[in-house]
Amino acid sequence: MSYLSTEKQDDILVVTLDQPGEKVNKLDEQLMTEFRDLLEKAEQETVTGLVVISGKVDNFIAGADVAMLKNKKAPKEIEDLSRRGNDLLLDLEHFDKPIVAAIHGSCMGGGLEVAMACHYRVASDHDKTVMAQPEVQLGLLPGGGGTQRLPRLIGIQNALNYLLTGKNIYPRKAYKIGLVDELIHKDAILKAAKKAVHRISRDGFERKDKRSLLHQLMEGLSPLRKIIYSQARKRTRSKTKGNYPAPPRIIDCVEEGYENGMRAGLNLESRNFGRLAATPESQAMVNLFFAMQGAKKNPAAEKAEPVQKIGVLGAGLMGSGIADVSANKGQYRILLKDQNAEQAVEGKKHIWRDLEKKRKKKIISSFERDRISSLVTATGSYEGFGNVDLVIEAVFEDLDLKQSILREVEGRLPEKAIFASNTSSLPIREIARAAQRPQQVVGMHYFSPVPKMPLIEIITTEQTADWVTATAREVGIRQGKHVIVVNDGPGFYTTRILAPYMNEALMLLEEGISIEELDKHMKQFGFPVGPAALFDEVGIDVAAHITEVLSDLFAERDFHPSDKPTTLFEEGYKGKKNNQGFYHYEEEGSKTKKKEPNKKIYRFFGGQDRSSMEAQTVQQRMTLMMINEAAWCLQEDILRDPTDGDLGAVLGLGFPPFLGGPFRYIDRRGAAAIVEQLETFQRGLGPRFKPADILKTHASADKKFHAD
């Protein structure tokens with residue numbers, strides 16, 4: 001079936017993109033072929049110009065079809081794919097009649113590259129319209145001219161900002177920096193695009209340079225451009241620690257194209273695109289991408305019950321965050337309850353402030369801010385809970401408290417309402433003991449800050465009904481989350497694998513490593529924050545509670561975690577929340593900023609004298625504790641499959657994405673090598689490093705956890 005359809009309107013050829021049977025348009029080889037044929041036919045047409053528009057509801061082109069890359073051999077075949085795409089877009093760019101892109105909805109990656117090759121871009125000002133070059137998040141670079149056209153449109157410095165991060169560009173910003181030429185209401189986009197074709201055909205078009213005077217000066221002189229490239233490389237090295245090969249190659253392509261011409265830049269772009277696709281880092285991140293896509297689908301969607309109204313119990317940081325994504329992304333009506341109306345109103349104010357920030361950045365309109373905010377009702381009572389479909393409890397991590405709330409609310413709910421507990425460690429089956437309908441109790445573990453963290457971990461017990469799991473998953477997907485479903489047990493999956501990792505940090509501190517060196521080594525390995533800083537972020541009080549919850553489970557393997565979290569908590573250390581932790585903190589405006597390490601805390605770890613430790617030893621001890629525990633979780637059926645294990649670790653805990661997750665890491669190194677290193681540590685450091693049996697089985701059979 002054809003991807004493109006054409007119609008003559010007002011002496012203009014309107015080209016509609018509509019990939020059959022798909023929710024979004026993707027750039028694939030069929031589209032490239034059809035576009036090539038279209039350009040050849042359009043040359044013979046007696047039309048003023050062309051408009052390229054999408055037939056999808058909220059999507060222009062969502063990006064290149066990543067599956068296309070998996071079917072090619074890197075680097076040669078993927079390099080060739082990029083070259084063919086670049087040749088096509090050069091023909092589009094040099095077409096002798098004006099071509100206008102009419103953009104509404106997501107215009108990402110290859111989709112933005114198609115739009116940039118057009119002569120003019122009209123975009124809707126709707127909040128569904130968003131542009132980006134996110135290829136760096138797959139360990140790749142834009143392979144369809146993105147490294148060449150974006151700098152020419154918005155300037156080198158602006159372009160590097162987006163190329164090196166993959167950040168979204170919303171319509172107002174896109175217009176301000178010169179990425180799009182016109183903004184219009186979504187319902188008028190075709191009319192505006194056709195007007196632009198006639199205007200350009202009649203009068204021509206010269207794009208205004210929207211760079212600042214400083215940027216124009218720096219980018220106009222070769223010696224100053226060299227400083228820009230040098231500083232970009234320096235910042236990139238500092239941020240990526242050398243773990244990601246794509247960013248420096250992106251800079252190389254931008255420099256080559258700007259200094260030696262676009263053809264030279266495109267040539268290097270295609271070569272680097274193929275080379276990067278062959279790297280283990282990109283392969284890990286592409287596999288992660290497919291796992292993330294899978295986590296946004298509900299395999300049992302037909303079992304899910306409709307949810308229209310959600311009750312959130314607890315209006316603190318976590319509860320207000322859950323209410324935020326439920327209203328903002330999910331478009332659910334929310335009752336946000338706390339002990340009294342005043343506390344609930346404070347929770348709603350958090351949501352309003354986040355919406356107002358988006359309005360100020362012109363991501364959403366005042367109308368959208370008010371509409372989304374109106375979906376949330378703050379309350380101090382259970383009035384209105386009689387027609388709630390789902391209750392999400394987000395109170396303090398205390399079993400008795402959670403059980404009492406369950407008893408309190410269950411009788412006020414409809415018979416088919418679901419009760420979900422947002423807990424990071426307490427077994428759901430224990431909470432469900434207080435329920436009249438335990439089959440309707442489920443865990444929904446969110447990560448803080450909820451609006452930013454992409455993961456939700458759904459926890460089921462032996463009693464949880466299938467329709468309840470399916471409904472909870474559907475809600476998580478609508479909230480914009482990537483969903484993993486795990487079986488019940490102390491700490492579930494993410495908290496359970498984090499605990500041994502954090503425990504090993506305490507053991508290393510007792511052996512004499514400094515706070516700075518410990519955190520530096522783990523950030524160098526690829527974790528976003530060091531473990532000492534993470535203790536402060538999570539809360540030392542929370543760490544003490546988690547240690548208590550997991551102690552019996554670990555004791556069965558003769559693994560006895562450090563009691564330091566409990567000792568520190570009893571001495572008044574809670575971390576960032578009371579400015580007493582592994583670091584000092586200062587209030588700067590509305591934010592609490594981390595300062596130098598708190599050396600007083602060393603008295604709990606053998607005194608002030610600190611000794612240096614080899615980076616690789618520290619990194620392997622820390623990381624293997626997490627990886628081994630992931631294997632134990634798979635062995636004990638806490639995890640349902642290795643893919644969920646990889647997603648949970650990367651999206652929930654910051655496991656380095658370029659390694660793909662614990663199970664991808666095991667497959668890359670080989671289970672035998674992992675077992676050998678664990679056994680070496682076990683002999684020297686004790687039974688906490690005992691390899692999971694499943695690791696030994698995979699090692700002896702030379703078997704991988706992922707079949708691909």
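How do the residues of the lining of the second largest pocket divide into nonpolar, polar and charged? There are 9 nonpolar, 4 polar and 7 charged residues; Ala, Val, Leu, Ile, Met, Phe, Trp, Tyr, Cys and Pro count as nonpolar, Asp, Glu, Lys and Arg as charged, and the others, Gly among them, as polar.

This is a predicted model, in which local features need pLDDT of at least 70 and side-chain atom pairs pLDDT 80 or more, while totals for chains, interfaces and linings use all residues. Residues are numbered from 1 along each chain as its sequence is written, and side-chain values use heavy atoms, without hydrogens and water.

A pocket is an open set of points on a 1 Å grid over the protein atoms alone, where a 1.4 Å probe fits, with protein on both sides within 12 Å along at least five of seven lines; lining residues have an atom within 4 Å of a point. Of the 20 lining residues here, Gln-283, Ala-284, Asn-287, Arg-664 and Asp-708 lie nearest the centre. Helix H13 (280-294) is one of the elements that give two or more residues, and H13 supplies the largest share, 6 residues. Helices are DSSP runs of H or I, at least four residues, and strands are runs of E, at least two, numbered from the N terminus.
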